[in-house]
Amino acid sequence: MSALTVDDRARYRAKPSVLDALKNPRMLTREVLAGLVVGLALIPEAIAFSVIAGVDPKVGLFSSFIMAVSIAFLGGRPAMVTAATGAVALVIAPVAPTYGMDYFIATVILAGIFQVILGVLGVAKLMRFIPRSVMVGFVNALAIFVFSSQFPQLIDVPWLVYPLVALGILVMIVMPRITRIVPAPLVSVIIVTGVVLTMGLTVPTVGDQGELPRSLPSLFLPDIPFTWETFTIIAPFALGVALVGLMESLLTAKLVDEITDTHSNKTRESWAQGVANMLSGFFGGMGGCAVIGQTMIGVKASGARTRISTFCAGIFLFLLVVVFGDFVGTIPMAALVAVMIMVAIGAFDWHSVTPSTLKRMPKSETFVMVATVVLVLLTHNLAIGVVGGVLVASVLFVRRVAHFVSVARTVAGDTVTYTVTGELFFASSNDLTTLFSYSSDPDSVVVDLSGSHIWDASTVAALDAIETKYAALGKSVEIVGMNESSQRMRGRLSGGFE
């Protein structure tokens, strides 16, 4: 792993920094309150994801606390929140019911090791291959995911839940117009909870979601045989967790970069996610990755910008469930549902689906965005959706670029010149051999490649085939105009395809 240059350090330096926040009481207050809101929002999500993973709710809560605190110090994207997530829960879900809790924890630890290795190898650099249309699809699918995940709290519930949710949404719409000092989601939760407690309303609460822990997490060393058989059992699940976690974390980091107009160190974030997962496993947690919903609550809804908010989110989560568990248990789920609905509405890229945008945008770009959304919703897996979106974008790009190659034929006396223009690679060069008039051409043939570039072995093979066809007719071929790189490519590969 190469060392960072002075320019790199300046680029990745957090703005504003933790020191800036500590010197500014107003900014510090905003960071701390943002952490409180995020800590509250993490509780029902962590419990729900624990259920998906087939483990005790305490496992998800401990994991969220440990990962949020550790990533606050280690991560490469300030203000981004890492905790237990649904994507990771879905991948690791079969382990605990089938093999037991010890294998489950070992899988989490191994996933962390894989992430550290991938981070050191520079897997974060692959992020530049993700097109904007895939990114927009990822964000829109995530917004739909966050919104749809609230349905269980809105179906078959007391009718009072609906006006309470409406009240919470109304508060979050009006509050920013009055003041932004206190995060609107926090005010919404306080008001809705106050209404429920004051009027003695009977509605679902956080306490109904599962038992909250009453003590600190303790060190957990999985009791498993350290054999190749054990590795073959947990490695596929661990690799799945590692890849899904890294992809979701890096995409979330990229999204926060755009929102805050700042840079983040994706390589640092990659190995930091691995360390956080390892720590989570050693303390009995289920592992996780960056959580887009809670990150948006902190960054977009509450104005968080530094590591302080992430650290406070973890600390408040711990204090809320361990010290103030009885009070937190009385918070109505309607208050948190309202927050998540507003997060979903705010996260969705509405501009991408307006008629004017759809009319102006190339159809291929829109198709890639829609394909990404559909794949995510069908598979319930963000990683599969993103990979699928990238593949669709790649195929459409190759198809489009392949049509940019043209061949112009010019006859001058006993010589015919073919001028090839465009990028020559497997998609475009496969048809290259069909664009020559072999039998009707004169004995002297010139192929001018000054307006093109040879990118791969398929093109070299196509040029060899053209020469072979003309040679069979007793005609000579001269290939001219190749740039230095194309000459080296052809010199190394020509004649090796017979």
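Predicted model: local features only at pLDDT ≥ 70, side-chain atom pairs only at ≥ 80, totals over all residues.
Good morning. I will start with the overall picture. The protein has 498 residues, and 52% of them are buried. It contains 22 helices and six strands. Along the principal axes, the C-alpha atoms fill a box of roughly 100 × 60 × 50 Å. The accessible surface is about 22,800 Å², and carbon and sulfur atoms hold 65% of it. If you take the contacts with a separation of 6 or more, 83% of them are between residues 24 or more positions apart.

Next, the inside. The largest nonpolar core has 82 residues, and the members that touch the most others are I43, L61, F138, V165 and I297. Helix α16, residues 333–347, supplies the largest share of this core, with eleven residues. Which residues does I43 touch, leaving aside those up to four places away in sequence? They are L61, V206, L212, L317, L320, V321 and V328. There is also a second, separate core of 31 residues, and among its members are A53, A96, I105 and V241.

Now the surface. A nonpolar patch there is formed by L197, L319, V323, F324 and F327, and together these have about 460 Å² of accessible area. L197 belongs to helix α10, which covers residues 184–199. Is L197 buried, exposed or partly exposed? Its relative accessibility is 48%, so L197 counts as partly exposed; the cut-off for exposed is over 50%.

Setting aside residues up to four places away in sequence, Q209 touches I47, Q153 and M333. For a sense of distance, take Q209 and E478: they are 269 residues apart along the chain, and their C-alpha atoms are separated by 77 Å.

On to the strands. Strand β3, residues 406–412, and strand β4, residues 415–424, run antiparallel and are joined by seven bridges.

Last, two backbone details. Most residues other than glycine have a negative phi. A79 has a positive one, near 80°. A79 sits in the loop between α4, residues 57–74, and β1, residues 82–83. At 4% relative accessibility, A79 counts as buried. The other case is D261, with a positive phi near 55°. D261 lies in the loop between α11 and α12, the latter being residues 266–282. Is D261 buried or exposed? D261 is exposed, because its relative accessible area is 71%.

That is the end of the talk. Thank you.

Terms used. Residues numbered from 1 in each chain as written. Heavy atoms only, no water. Patch = residues over 30% accessible without salt bridge, like charges linked within 9 Å, V, L, I, M, F, W, Y side chains within 5 Å. Areas by Shrake-Rupley, 256 points an atom, 1.4 Å probe, with all protein chains shown as cover. Salt bridge = Lys/Arg side-chain N within 4 Å of Asp/Glu carboxyl O. Helix = DSSP H or I, 4+ residues; strand = E, 2+ residues; numbered from the N terminus. Buried < 20%, exposed > 50% of the residue type's maximum accessible area, 1.4 Å probe, protein only. Pairing = 2+ DSSP bridges. Core = buried A, V, L, I, M, F, W, Y, C linked by side-chain atoms within 4.5 Å. Contact = heavy atoms within 4.5 Å.
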